[in-house]
Amino acid sequence: MDFTARARINENGRLVIPASFRKALGITPGDEVILQLEDDELRITTMKRRIERAQRRARQYVKPGTSLVDELLAERREAAKRE
């Protein structure tokens, strides 16, 4: 997905995100977005997209069929027994 568009900032500092960009990011009216200044670029994303990205990264290190929730619960139960 390689979108490029030009937009103008209005006198109040507002920027209208083109509909095609909002659709690609799954942004709907009222959604909260996350702005990140990286080097000399402004990145706009949603919390949902950031969570999905983090989950994809974490999956690289987890063996298929492994439940991290089950592992965490087992660790907590063991820790509780020792207390």
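Helices (H or I, at least four residues) and strands (E, at least two) are DSSP runs, numbered from the N terminus. With that in hand, let's look at Asp39, which sits in the loop between strand 1 and strand 2. What you have here is a predicted model, where local features need pLDDT of at least 70, side-chain atom pairs count only at pLDDT 80 or more, and totals for chains, interfaces and linings use all residues. Residues are numbered from 1 along each chain as its sequence is written, and side-chain values use heavy atoms, with hydrogens and water left out.

- Asp39 has a positive phi of about 55°, although it is not a glycine.
- Here is the background to that: most residues other than glycine have a negative phi.
- Asp39 counts as exposed because its relative accessibility is 76%; the labels are buried for under 20% relative accessible area, exposed for over 50%, and partly exposed in between (1.4 Å probe, protein chains only).

- Strand 2 covers residues 41–46, and Thr46 is part of it.
- Thr46 has 8% relative accessibility, so it counts as buried.
- Setting aside neighbours within four places in sequence, Thr46 is in contact with Leu25, Ile27, Glu32 and Ile34, where contact means heavy atoms within 4.5 Å.
- Thr45 is in strand 2 too, and it counts as buried because its relative accessibility is 11%.
- What does Thr45 touch, leaving aside its neighbours within four places in sequence? Its contacts are Val33, Ile34, Arg50 and Arg53.

**Salt bridges**

- A salt bridge here is a side-chain nitrogen of Lys or Arg within 4 Å of a carboxyl oxygen of Asp or Glu.
- How many salt bridges does this rule give? The count comes to two.
- One of them joins the side chains of Glu38 and Arg43, at 4.0 Å from N to O.
- Glu38 has a relative accessible area of 34%, so it is partly exposed, and Arg43 is partly exposed as well, at 39%.
- Glu78 forms a salt bridge with Lys81, and their closest N and O atoms are 3.5 Å apart.
- Glu78 and Lys81 both lie in helix 3, three residues apart, which is about one turn of the helix.
- Glu78 counts as partly exposed because its relative accessibility is 39%, while Lys81 reaches 63% and counts as exposed.

**Patches on the surface**

- Patches are made of residues with over 30% relative accessible area and no salt bridge; like charges are joined within 9 Å, and nonpolar side chains (Val, Leu, Ile, Met, Phe, Trp, Tyr) within 5 Å.
- The areas come from the Shrake-Rupley method with a 1.4 Å probe, and for residues only the protein chains shown count as cover.
- Leu35, Leu37 and Leu42 make up a nonpolar patch, with about 350 Å² of accessible area together.
- Leu35 belongs to strand 1 (residues 33–38), and its relative accessible area of 55% is why it is called exposed.
- A patch of positive charge gathers Lys48, Arg49, Arg56, Arg57 and Arg59 on the surface.
- For charges, Lys and Arg count as positive and Asp and Glu as negative, while His and the chain ends are not counted.
- The place of a charge is taken as NZ of Lys, CZ of Arg, CG of Asp or CD of Glu.
- Arg57 from this patch lies in helix 2 (residues 47–59), and it is exposed because its relative accessible area is 52%.

**Distances along and across the chain**

- Arg77 has its place in helix 3 (residues 68–82), and at 54% relative accessibility it counts as exposed.
- How far is Arg77 from Glu11, 66 residues apart along the chain? Their C-alpha atoms are separated by 58 Å.
- Val62 is found in the loop between helix 2 and helix 3, and it counts as partly exposed, at 23% relative accessibility.
- Val62 and Arg6 are 56 residues apart in sequence and 41 Å apart in space, C-alpha to C-alpha.
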